[in-house]
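Me: Could you walk me through reading charged pairs in a protein model? I would like the general idea and then the case at hand.

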Amino acid sequence: MAKNTQNSADALVVADADELMRPTTRRNFVRVMGAGGAVVLLPGVFSACSMTPGMGATGTGATAMDGGALTFDLRSDIGIFRLVHTLEQLEAAFYTAVVGSASFGTFFNAGERELFTDLRNVEIVHREFVRTALGSQAVPDVTGSINTTTLNAILSSRDGILGAARLFEHLGVSGLNGAGKYLQDARNLLLAGKFVSVEARHAAALRDLAPPSGQSANTAFAGDDIIDMNGMDVKLEAGAALDRVAATNLVRNGAVSSRNISNAPTATQGKASANFFPTTP
Amino acid sequence: MTISHQPILDGVDPEIMDTLVTRRDAIRRGASVSSTVAAGLAMGSVPVMMAALSKDAYAQAPSAILDVLQFAFILESLENEFYKAVLGTSTNSAQNAAFAGVRAQISASAQQVFRQIQKHEQQHTDFLRGTAIPLFGGRAPSWTANDFDFTGGSGSGNGPFLQATTQLDHLLLVAQAVEDTGVRAYKGQAGRLLVNGDDRADVALESALRIHSVEARHAAKIRRLRRSMNMNDTTLRFSGYVMGGGVAAAGAGNIANPPAGAVAALGLIYGGEDNTVHTVFNGTAAVNLDAATLSGLDVIGDANARRQAAMMAFDEPLSKEQVVAIVRGFIRSDSGHALP
């Protein structure tokens, strides 16, 4: 589907959008755009944004999460997708560990293994998509920061795996449901929408497979503890979502928590609303 | 490392070019220009101006938001009345009677599933009618059970989904299709609710997103229910995903000799779900990335497995026009109601 417009008279190839700020390149940009042409950007998508007010990105791509350098500037779509990238990394790393664990075949039957393998694959696609889109603004690899003691404790039982999976999927659903209003571009909102309903499918499937204590097996997929009186799903503001990640102790030294938010969204982006999230999703 | 050679602001994106042109005309006419746009113009900075324009251009008038909410209300009413007819709780006795045959086949546990789903659809219509639509100064349109024909026959009562009133497999397929249509419809409309700095729009957008993910939960549960009854149909993923696109993604392999009208409708409902190319916008440019050919996907398997995963990983939107084309058959033509 991707069209290669290299060497075409009406295409402009740039390595990053900063090039667009240089007079010569910018003239070419205007010329090309005026002619209805295309600009080809290599290779990261969001790495372009650092020059654009309101889209200011923070954080350098190379630092480890333990270093405390991981920050989310939620005033920009980049910052919000960095947060998404962090969650997708944790989910993908978790399901990769689940599917690869020695007990996978004994804890789960064939249908359940199909489910977890699908989840692993889809979260990997999400992770790689957001990483590619973010380019140099991508969040550093989280796997080195995972607390292996916590992870192994989770992996040691079927219930541990199912409970952690439910929590992560619900953090994904609630985080995206809360963040949508802060996105500034409708195409990025659409992208977030494409993710969130998939996360909701995971969340429902996992609750259907293993209802939390006290939930009916027939209604847990969208139980009264996770759907409110208006028929609405879970939602969390970003800080609350990150603090719940920290509470899992799955990332060492609380490296991912609300303190990673360097700047909250501005009032013009959207208005915060009450969080809705059960103790045990 | 992957190098993407995607065109930016190229053909995929006629909308933004249209809105940019419209905006430019507005500027020329001396209409008010946001300070960021003005600053961008003053600085001669293309990225700044483009970024600001794109945000401005997508700003929606309340009437557009009201249109989305009223459209959503019709879809939610359709869903709600469908489940009420299935459960025998409709105010329309003829519709309760129509589904009596299949109702007897629904297990007690599946009845509980349907009741939970119907409760949510009722809550959605109540919220839209009582809170969201009035917030924008509107009134919910008046729809009753009698305005719908759940066989898809435009009021004939003899449409391509008639078998859903007598056969459980058909009924569950229709329920799944209805839910997936809801997911796709909300997804397609979300962008029209995005108005940064408008507190009321935030309410509309966040509510729509939270309803949207509930519809996805419903669809996933019905898919799992259908899989449990058709264990060999691996199109019906235990994970609740839509696998592939077009009629094949409906997972209708257990339906013998489906009517041509049903096949056509399912083709519309799942059309384009196999898309793997998605657009991201960075404030300066829109770029298309193909999720099926990213690096780092090797653990998933071969190229075909990676494409399958990429198709499942993104749910796709439907435009309002596409949704109208799907639901038109479920609306009685003589009702005096016109779809927006």
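Predicted model: local features only at pLDDT ≥ 70, side-chain atom pairs only at ≥ 80, totals over all residues.

Me: What can side chains of opposite charge do when their charged atoms come close?

Reply: In general, such side chains can pair. Here, a search of the whole structure gives 28 salt bridges over all chains.

Me: Which residue forms a salt bridge with A:Asp118?

Reply: That partner is B:Arg237, with the closest N and O atoms 2.9 Å apart. A:Asp118 sits in helix H4 of chain A and B:Arg237 in the loop between helices H9 and H10 of chain B, so the pair joins two chains. A:Asp118 counts as buried because its relative accessibility is 5%, and B:Arg237 is buried too, at 10%.

Me: Where do B:Asp290 and B:Arg307 lie?

Reply: These two form a salt bridge with 3.9 Å between the closest N and O atoms. The pair links distant parts of the chain, with B:Asp290 in strand E3 and B:Arg307 in helix H11, 17 residues apart. B:Asp290 is buried at 13%, while B:Arg307 is partly exposed at 34%. Elsewhere, salt bridges with shared partners join A:Glu114, A:Asp118, B:Arg227 and B:Arg237 into one network.

Me: Is A:Asp233 buried or exposed?

Reply: Buried, because its relative accessibility is 0%. A:Asp233 lies in the loop between helices H7 and H8 of chain A, and its side chain makes a polar contact of 2.7 Å with the side chain of B:Arg217. Its contacts beyond four places in sequence include A:Phe276, B:Arg210 and B:Ser213.

Terms used
Residues numbered from 1 in each chain as written. Chains lettered and ligands numbered in written order. Heavy atoms only, no water. Helix = DSSP H or I, 4+ residues; strand = E, 2+ residues; numbered from the N terminus. Buried < 20%, exposed > 50% of the residue type's maximum accessible area, 1.4 Å probe, protein only. Polar contact = N/O pair within 3.5 Å; in protein donor to acceptor, adjacent residues only side chain to side chain. Contact = heavy atoms within 4.5 Å. Salt bridge = Lys/Arg side-chain N within 4 Å of Asp/Glu carboxyl O.
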